[in-house]
Every structure is written in C-alpha cells, then in structure tokens.
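Subject: Structure handover

Hello,

Here is the structure we talked about, with its sequence. My notes on what was found follow below it.

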Amino acid sequence: MSVPGTSYINSASTEGRSIFLKKTILSLLAAAVIFTAQPTGASAGSLSFKSEIKTQASKVMGTPYVMGGTSTRGFDCSGFTRYVYKKLNKTLPRTARQQAHVGKPVYKGNLSIGDLVFFNTMGYGISHVGIYVGNNKFVHAATSSGVTISSLSDSYYKKRYVTARRVVK
C-alpha cells in the first residue's frame, strides 16, 4: 500500500539503497583483491604497514573522483594517496609531481605493497599517482571511476608508467 504523494520518497530511498549497496559491494570486492594480493619484490615496511595500507585503501573504494579532492567526499589521485598515508601517520606532499620526489626510487620489477607508482597521463611529466597493492595491481583515484584498482599491465597505464617510489622502508 502506498501513500499518495510519496512515490518520490520511495524512489529516492530506493536510489540511496542502490548506491549504498554498490559502494558496499565495490568495497568488499576491492578488499578481496587487495587482501589476496601476494607481496613481491623487496619489503616496503613491516607486514603490519602493508596490511594497514590495504585496509585504509579498501575503506574508501568507490569514493568518487573530485579534482582537488582530499577527503572521503571525493579524491583526486594525490589527495587519495596523501589521505591513506596520513591515516598511517606518514606525511606526503599535495601533488603527484611533488610526491614523486619523496622516498627512494624502486625498479618496476621490485615493487612492494605500499610503494607509490607514478604515471604521465597528461603528456607533460608526472600527473597521476597510485599505491601498489601487489600482483601487479595498484589502487588509485581514477577520473572515470573514483577510487578503484587497476593493473600496471593495462595498456593505458603500461604506456604511461614513469617511476615508483618507496616512502616507507
């Protein structure tokens, strides 16, 4: 039984539930991918650091992309990496280009969970950053899908990969 004049309320609450379910499912799927990734290469900090990186990243999966965004209301790529590292009491500069000068360089074949990976997506140097989570995958704030997991083997990212940095020993 429906009350006249309330169909918009039911529609809005159904839409809200749908968005909530999508974010929940995305978070669960991301957590499954992140937590089953096996570490490769040299160690980037302790196991607890690696685990916490994955936990913090999975908590914000599905958060929308917002240019200049630095909070759970919306992230840009460097705002996302800065947010995750701040949760672990590590400070990163604001932009991807600045973050690319922090820590030590890491060869692509020696990536470890928590390493920052950098890309040239704009044609003029480093313009995108994500966090390596193992199994050739990284988590980042993508303009098209918000916080998501992508593969370094995806042709788009493979062509645009520039470098990686290890911020935590």
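Phe-80 is buried, because its relative accessible area is 0% in this predicted model, and buried here means under 20%. Phe-75 is likewise buried, with a relative accessible area of 0%. A search of the whole structure turns up eight aromatic pairs. Phe-75 and Phe-80 make an edge-to-face pair, because their planes stand at 75°, with the ring centres 5.8 Å apart.

Another edge-to-face pair is formed by Phe-119 and Tyr-157, with 5.2 Å from centre to centre and 70° between the planes. Phe-119 belongs to strand β4 and Tyr-157 to helix α5 (residues 155-160), so this pair ties together parts that are 38 residues apart in sequence. Both Phe-119 and Tyr-157 are buried.

These two residues are also members of one aromatic cluster, made up of Phe-119, Phe-138, Tyr-156, Tyr-157 and Tyr-161. What sits over the ring of Tyr-161? It is the charged end of Lys-108, at 4.4 Å from the ring centre.

Next, the strands. Strand β4 (residues 116-119) runs antiparallel to β5, and four bridges join them. Within β5, His-128 is the residue that stands opposite Phe-119, the β4 residue that pairs with Tyr-157. How many residues of strand β5 (residues 128-134) are buried? Seven of its seven residues are, which leaves the strand mostly covered.

β5 also pairs with strand β6 (residues 137-142), again in the antiparallel sense, over three bridges.

The last item concerns a lysine in a helix. Lys-50 is placed in helix α2 (residues 47-59). Is Lys-50 buried or exposed? Lys-50 counts as buried, because its relative accessibility is 9% and the cut-off for buried is under 20%. The C-alpha atom of Lys-50 is 8.3 Å from that of Val-133, although the two residues are 83 apart along the chain.

To go through this on screen, one could start at the ring pair of Phe-75 and Phe-80, go on to the cluster that includes Phe-119 and Tyr-157, and end at Lys-50 in helix α2.

Regards

Terms used: Residues are numbered from 1 along each chain as its sequence is written. This is a predicted model: local features need pLDDT of at least 70, side-chain atom pairs count only at pLDDT 80 or more; totals for chains, interfaces and linings use all residues. Side-chain values use heavy atoms; hydrogens and water are left out. Helices (H or I, at least four residues) and strands (E, at least two) are DSSP runs, numbered from the N terminus. Buried means under 20% relative accessible area, exposed over 50%, partly exposed in between (1.4 Å probe, protein chains only). Two strands pair if DSSP finds at least two bridges between them. Rings of Phe, Tyr and Trp (its six-membered ring) pair if their centres lie within 6.5 Å; planes under 30 degrees apart count as stacked, over 60 as edge-to-face and the rest as tilted. A charge sits over a ring if NZ of Lys or CZ of Arg is within 6 Å of the ring centre and within 35 degrees of the ring normal.
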